[in-house]
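Open the model in your viewer and keep the selection tool at hand. This tour goes stop by stop: what to select, then what is there.

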Amino acid sequence: MTRYIDVQDLARLVNRKGLPTCLLEMADYIRQDYLRWHAFEKCARVANHSADGVIELMPISDASRYAFKYVNGHPKNTRHGLPTVMAFGALASVDTGAPLLLSEMTLTTAIRTAATSALAARYLARADSRSMALIGNGSQSEFQAIAFNALLGIDEIRLYDIDPAASAKLVANLANRPGLKLSIASSVAEAVRGADIVTTVTADKACATILTPEMIEPGMHLNAVGGDCPGKTELHRAIVERARVIVEYEPQSRVESEIQQMPADSPVTEFWRVVAGEAKGRESAEQVTLFDSVGFALEDYSALRYVLDTAQALDIGTDIGLVPVLEDPKDLYGLLQPRVVELRAVPKAGSVCA
């Protein structure tokens, strides 16, 4: 049987565990899998682009399990009452190909993205970091705020969005979270000034310059999340040239992330090398570090693995017959044949059965 997790199941799972706990635990699953980098068969995601957005398939496997995620990115969707990002995914056995898990991944992707951001910042940001600017206050923003608070102890976050209602929404959602001070800035420059960490999570499919060179101060860590497809950036090229750049999977990042602005031989370091201790995350307190994040299939593999383990432990979700069970595995056609059911006559009331 296949475990099926719908949106309500995933929400129930998160509420049972608590979102900070889920972020911490998922970040550890992601860390474990980055340490097994060479065990995975990897490729850049397969993307179909249109004028209004992109639809992507993100596959990956190791010797035991295969995972994929279907995900879209359509910035105009909110005009139609739809999320900008929607996703679902599956985890299967490599030995048999049998699906183990079919799960929603819209909510799961928000959690895994924030968990990855905060995990990377553990390696790249200064250890004394306590403040963050959060530019772009849409669907991902609350998850980023809670992740950085839970994993790094960030307790002051300055917010900016071109839509004031988005910032107000974020403040209202996190108003009762202890140990977290939120304030709304009047501009990107005001939000960024003096911040230890700057996170950009904007949605426009455009080569934008959300951050410009004069905003960047020595020692900052930049967590660039929104530039995640060809023709979509958030940082001025001069910032990328100045920073120590960490990417998830270089073949994918070269065409999708901030480094799409750079020459093909510009220096970058893959994140797995930092996690494994093969490369430094930060080389000095004054260095500007950039996690040039686009989201990689390994993180989805980790997220699906976490969802399956946790759902089974908490007995959440439904076991479904996604794959036929056959008396004769070679007789698939037999499923289409009418079933003969033997019915016994029901005795009338008062009758005597021999």
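Predicted model: local features only at pLDDT ≥ 70, side-chain atom pairs only at ≥ 80, totals over all residues.

**Stop 1: helix 1**

Now select the buried residues of helix 1: Asp-9, Leu-10, Leu-13 and Val-14. Their arc around the axis is only 135°, so they sit on the same side of helix 1. Next, show what they pack against: strand 1 (2-5), helix 2, strand 6 (99-104), helix 3 and helix 10.

**Stop 2: helix 1 against helix 10**

Select residues 7-17 for helix 1 and residues 297-314 for helix 10. The two axes are 11 Å apart and the packing angle is about 75°. Helix 1 and helix 10 are therefore roughly perpendicular to each other.

Show side chains at the contact. From helix 1, pick Leu-10, Leu-13, Arg-16 and Lys-17. They meet Tyr-306, Val-307, Thr-310, Ala-311 and Leu-314 of helix 10. Colour this contact by residue type: six are nonpolar, one is polar and two are charged.

**Stop 3: helix 2**

Move on to residues 19-34, which form helix 2. Its 16 residues reach 22 Å from first C-alpha to last, close to the 22 Å expected at 1.5 Å a residue.

Which residues of helix 2 are buried? Select Leu-19, Cys-22, Leu-23, Met-26, Ala-27, Tyr-29, Ile-30, Asp-33 and Tyr-34. Look down the axis of helix 2: these buried residues fall within an arc of 160°, so they line one face of the helix. Now bring up the cover over them. It includes helix 1, helix 3 (106-124), helix 4 (141-152), helix 9 (271-275) and helix 10.

**Stop 4: helix 2 against helix 4**

On the helix 2 side, select Leu-19, Pro-20, Leu-23, Leu-24 and Ala-27. On the helix 4 side, select Phe-143, Ile-146, Ala-147, Ala-150 and Leu-151. This contact has ten nonpolar residues, no polar and no charged. Leu-19, Leu-23 and Ala-27 are also among the buried residues of helix 2.

**Stop 5: Asp-155**

Go to the loop between helix 4 and strand 8 (156-160) and pick Asp-155. Is Asp-155 buried or partly exposed? Its relative accessibility is 34%, so it counts as partly exposed.

Beyond neighbours within four places in sequence, Asp-155 is in contact with Arg-130, Asn-149, Gly-179, Leu-180 and Lys-181.

**Stop 6: Asp-315**

Jump to the loop between helix 10 and strand 17, and select Asp-315. Check the backbone: Asp-315 has a positive phi of about 55° although it is not a glycine. At 63% relative accessibility, Asp-315 counts as exposed.

**Stop 7: Leu-326**

Finish in the segment after strand 17 (318-320), where Leu-326 lies. Leu-326 has 22% relative accessibility and so counts as partly exposed; the buried class ends under 20%. Set aside its neighbours within four places in sequence, and the contacts of Leu-326 are Asp-331, Leu-332 and Leu-335.

Technical notes
Residues numbered from 1 in each chain as written. Heavy atoms only, no water. Axes fitted to C-alpha atoms, helices over the stretch in contact; angles between N-to-C directions. Helix = DSSP H or I, 4+ residues; strand = E, 2+ residues; numbered from the N terminus. Parallel < 35°, antiparallel > 145°, perpendicular 65-115°, else oblique. Contact = heavy atoms within 4.5 Å. Nonpolar A, V, L, I, M, F, W, Y, C, P; charged D, E, K, R; others polar. Expected span 1.5 Å × (residues − 1). Buried < 20%, exposed > 50% of the residue type's maximum accessible area, 1.4 Å probe, protein only. Arc of directions from axis to C-beta.
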